[in-house]
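Me: I am new to this structure and would like to understand the terms applied to it. Please take me through them one at a time.

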Amino acid sequence: MRLPWLLRGLRDGVVTTGWPARPDDYFDQFPVTPVPTGQPITDTAGMDAAELEALCPTGAINVAADTITLDRGRCIACGRCVTQRPDLFAWRPGSDVARAERDMLIADAAPAAPLPRLRADIAERTTMLRRSVHIRHVDAGSDGSDEWEVRALLNPVYDVHRLGIFFTASPRHADILLITGIGSPGMILPLARTRAAMPDPVVVIATGTDAVSGGLVGPGMGVARLLPVDVFVPGAPAPPFALLHGILLALGRLPRGDS
Amino acid sequence: MGQVENEQVEHEPAQNERAENQQTGKGQAGRDDTVWCATLAEWHRRVTAACAPPGRLAGLYATEEGGTPELVAIVGRDQGFLVLRAPVGHDLCYDALTPQVPAAFWYERALHDLSGLEPAGHPRLEPLLLPHLDDLGPVRPGSDLPARGHDARLGVEHVGPVDVTGRGVFTLPFGPVRSGVLESLELLLETGGEDILRINLRPHYKHRQIAKRFEQRTIEDAVLVAERVEGVHSVAHALAFVHAVETGTGVQVPAAARLQRVVVAELERIANHLDVVTQLCDCAGLAVGTARFGLHKEEVMRLMSDATGSRFGRGQVVAGGVRAALRVDPALIGRRVRALQARIADDLGALNSSASFLDRLRTTGRLATDLARRHGALGPVGRGSAVEADTRVWRPYDGYRDLTPFVPATSTLTDALGRLRVRETELAHSSDLISEAADQLTQVEPTLRTPVPPADGRYLGVAESAAGEVLYSLSLQGARVVRCFARSASFHNLVLMHNVFHGDVFTDLGFIEASFGLCYAGVAM
Ligand code: SF4
């Protein structure tokens, strides 16, 4: 006999992640982008600095005075640098990639510095939001994949409602403006109108490499050229856990050690 | 997939034409022909004739690669594509195809926007892919608006013309910012009250100049651009692109890579179909259904990321093969997919016992079979209206040639329910295809990639995305892309949404949109 539809929600046992209260393997292991390994540039492959930089289709790699940096906000995770120079680049597992400053996405081999505090006005506002938060999403020229990952936050695995996080159609009731896409010219006014309809101060999150830097399709674009962004979430597209990490970072709700 | 030879179809070269057979026999099955028409009148006549069913318009673009502007129409036929080319004068004027070939309606508006062509006699030549602005300056084929000063100017909006006028008729704009977490699209509902009289779609908000992003790229980089035309069909776009390269270079893809491509392409299809079912449940307010199918979809995304490192299978498809071996043992992938399909089938059974849900889909968004056929409707939208086209079957590529043939899933219902039926059957097909491909993967040589030599010329590539046929017309010079016309199923199908409101109430909109299952990035380009 067929199981009644209403009972099905329970049938596969607990599927919802315990993160952030408890660790989650998928959170810890997902490789959002590579980072430099910190190995010295021994030029066995006969690549000079310019050639190393040219490996990357989005210009995320920078070599200066024998130090390699990789801008995770530009990286589209094509993996070419890792394939070509596994000595110099390696995938970094972990979805804790969001940062409150654009520059903090530029990874070198130095141990990660503690995240700087959020802007005071944001921190003040978000403390008032601890119980429930409303997010207004705007697609400003994505390739369509970012929306899938945002919507995934509502599936039973991530179930952000358990954290008091909700999506809203009304900008007037929104606390967070979550933007996907490169910031296409056509979306400039609709985006500005949505922002203007939100009560100040607004927390603005740019999610995905396209929104952070324009990525491969919008070089020199990204949404920070259109409005001030508080939190940047890299990833091509940013996976749901990275996005959730970014939202909790914006809310000052990351567990100690993560923020 | 049986023995599919490159069947020779009848081809009679007419006078004044230069026929080139671009089929090398090593790329995709099917036979493509190119016909050069000396005059626009001849081109118009031939395109119109070729587009009569069973022919269908599959693509239309302009290019100026050789220094002179030219129009290129791509027509689908039983066994292959017919490419019809003709020179255009420097005034860029020609007689519009749309009056004779209605499927050209959006293509000609896109041509007007992006290449500056003037299709005389077009019924509604308002901008489609660009904002409504008068001062964009001259546009040429292939120019795709390079420099335009400050981009804030492009944010100016105008309300489009209204087709339907009369007492009590008003226009209701929805979007471009949608109420749910959806891609931006503006829908102007021209209505006389509760019934929708007409819907006007405006996708331009998301326009990203994607055609320009291909140009001057290496093949390796251009595949990455193809993956971003429609991110939710990354694998299908990458495949269509590399098929064009492989046809052009005559490269043989190793068996292991052909089978792997099927595995990732079918995982992508399962994820997309589950996304549609999830959205339909959400529209109907079925919280349990939304949760269940959302959960299944997440499982597919994780299987994809476990196997390829990317939740969207990005970077896996490369010209000549695949980048790397799957990171999960194929036998395990087969087992996980079969177990998942059993749960999906069970939940679909429960969903189908909800009479109120089925009622919401039945007769909603009907697309007449005749119209679907004349338009050449693609994917589940076409198949849900009894149009049999499935690229995996009529022009099998990669591992589909090596696997057990299947009959395309079709439905004669023609409504949102018909499209759901098609997707239900395809979910089962995908699971079978993955299982079989995974089995065979254990028995073939583990070679994953054949080196790709440089090539000059213009080549077609196709692949079946979850939303239907993706078509690329790619011009290569050496190892670089000169011009790339990428046509998504979404672009071809979305215009049909104009035709599927039959006095339905506003609440049908969500069901119709979800049942079409299109990606607007691939429409706005
Ligand atoms: S993974 Fe690709 S995009 Fe990212 S830094 Fe390496 S080469 Fe650049």
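Me: What makes an area between chain B and chain A count as buried, and how much is there?

Reply: Buried area is the accessible area, taken with a 1.4 Å probe, that two parts lose on being put together, summed over both. For chain B and chain A this comes to about 5000 Å², with 57% of it on carbon and sulfur atoms. This is a predicted model, in which local features need pLDDT of at least 70 and side-chain atom pairs count only at pLDDT 80 or more, while totals for chains, interfaces and linings use all residues. Residues are numbered from 1 along each chain as its sequence is written, chains are lettered from A and ligands numbered from 1 in the order in which they are written, and side-chain values use heavy atoms, with hydrogens and water left out.

Me: How many residues does the contact take from each chain?

Reply: Contact means heavy atoms within 4.5 Å, and the contact takes 57 residues from chain A and 62 residues from chain B.

Me: Why is the pair A:Asp143 and B:Arg314 called a salt bridge?

Reply: A salt bridge is a side-chain nitrogen of Lys or Arg within 4 Å of a carboxyl oxygen of Asp or Glu. The closest N and O atoms of A:Asp143 and B:Arg314 are 2.8 Å apart, and the pair forms a salt bridge.

Me: Which salt bridge does B:Glu227 form, and why are both of its residues called buried?

Reply: B:Glu227 forms a salt bridge with B:Arg228, their closest N and O atoms being 3.5 Å apart. Buried means under 20% relative accessible area, exposed means over 50%, and partly exposed lies in between (1.4 Å probe, protein chains only). B:Glu227 has 1% relative accessibility and therefore counts as buried, and B:Arg228 is buried because its relative accessible area is 3%.

Me: How do you know that B:Cys281 is in no disulfide?

Reply: A disulfide is a pair of cysteine sulfur atoms within 2.5 Å, and a search of the whole structure finds zero disulfides over all chains. For B:Cys281 the nearest cysteine sulfur, that of B:Cys283, is 9.3 Å away, so B:Cys281 is in no disulfide. At 0% relative accessibility, B:Cys281 also counts as buried.
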